[in-house]
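Colleague: Thanks for making time for this. Could we go through the model together, one question at a time?

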Amino acid sequence: MIIINKINFPIYGTIIIVSIIMGLLFNYLFLKKNNIKEKNILLYLFLLFIYSFLGGILFNSIINFSFENYTIGLSSYGGAIGICICSIIFEKIDNSNGIYIKSAILSLPLIYAIAKLACFFSGCCFGVPYKGLFSVVYTEGLNIPLFPVQLIETIAFLCLFFICYYNNKNENIISITILLSAIFKFILDYFRYSNINVFLSINQIVSIFFIMISIYLFFKKRYNRNVCN
Amino acid sequence: MMEKNEEDIEKKEEKNTINNNQENESENMRADKLTNIANTLVFTIPIFIWFINLICPINELIVILIKYITPLSILSGLTLLVYIRIKYPYNVKSKKLLKTCIITAIVITALYCILLATCIKMLSNCEGMPG
């Protein structure tokens, strides 16, 4: 059993910043490896940072819409959507045969995996009650053994990142990464405490949307290849 | 005959130079105009909204303005700015604006961190705080 006490340190913000820096670093190295101009890479990273951050805030404001509750929070799916939109816009500005989009999509599991550690240590997004191996207790929260869903998400998305990165030459890697990420997210959302009596959470609805997009991209690529042949 | 040909070539070169200069000027003008729009989207609109927020009591319109219009305005302004930097790399005005944006972002982040650090210090000094 893992016991987590109150930490007197802004751990959530620190790990979120580390995850964004790691994502930007990955994008920088990947684009550099693919011979993109240094100046364009820096402009892209600047825009990517702003889009991921403001995307997270905007999406959170939309799904938690209320006039009374005047709070601001970050949503992982919002950040992911922001990164995707940013890469598509930048691809239109500086055409690179999809390298920007590929780099952004490949970095998403890495950013998410590290960001989930922030949730684990700060005690949010926790799992369902569970008394087995590696159960976690937040002494400042519910104070009962819980399923370590955040840790499972970190491990799953890190594995996904390495698998996708080593297969980045595959022509369908963008749709495969989106599909696997959405499926993982969809399944792991059932182990969250907040979704105990919920049939489909908003995250799961967005996951279904992403699964449909990935299937569409896969068949579009296949159709284009058949037309070319 | 040779002299005439040389004169013709010189005249053509002059014409080309004038045309190129005119094109560069018009491109620069276009870039300047776009930079002005980006400036309005990134700075003027958010500052205006913040000002309204200071003056008026919080109501539904202000919540919408802060939650949706401010981030959307900043996003579109910065996207436009990056577009100008890539399409018109020699435009000075957009280069200056981008520098200002980066410096402003760093200053705001630093201020926020200082504020956060002060708050944490204050909270850790409090004993027996309810909740």
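Colleague: How many salt bridges are there between chain B and chain A?

Modeller: Happy to start there, and please keep in mind that this is a predicted model. A salt bridge needs a side-chain nitrogen of Lys or Arg within 4 Å of a carboxyl oxygen of Asp or Glu. Between chain B and chain A, the count is 0.

Colleague: What share of the area buried between chain B and chain A lies on carbon and sulfur atoms?

Modeller: In this interface, 23 residues of chain B are in contact with 23 residues of chain A. Together the two chains bury about 2200 Å². The share on carbon and sulfur atoms is 79%.

Colleague: Inside chain A, are helices α6(A) and α7(A) roughly parallel or roughly antiparallel?

Modeller: Helix α6 (residues 173-188) of chain A packs against helix α7 (residues 202-228) of chain A with the axes 8 Å apart, at an angle of about 160 degrees. Angles over 145 degrees count as roughly antiparallel. So α6(A) and α7(A) are roughly antiparallel.

Colleague: How many nonpolar residues does the contact of α6(A) with α7(A) have?

Modeller: On the α6(A) side the contact includes A:Ile178 and A:Phe186, and on the α7(A) side A:Ile211 and A:Phe218 are among the residues they meet. By class, the contact has 1 charged residue, 5 polar ones and, to answer you, 12 nonpolar.

Colleague: Which handedness does the crossing of α1(A) and α4(A) have?

Modeller: Helix α1 (residues 11-33) of chain A and helix α4 (residues 99-122) of chain A also pack at about 160 degrees. That angle makes α1(A) roughly antiparallel to α4(A). Their crossing is right-handed.

Key. Residues numbered from 1 in each chain as written. Chains lettered and ligands numbered in written order. Predicted model: local features only at pLDDT ≥ 70, side-chain atom pairs only at ≥ 80, totals over all residues. Heavy atoms only, no water. Axes fitted to C-alpha atoms, helices over the stretch in contact; angles between N-to-C directions. Helix = DSSP H or I, 4+ residues; strand = E, 2+ residues; numbered from the N terminus. Parallel < 35°, antiparallel > 145°, perpendicular 65-115°, else oblique. Contact = heavy atoms within 4.5 Å. Nonpolar A, V, L, I, M, F, W, Y, C, P; charged D, E, K, R; others polar. Buried area = accessible area lost by both parts, 1.4 Å probe. Left-handed = near helix turned anticlockwise from the far one by under 90°.
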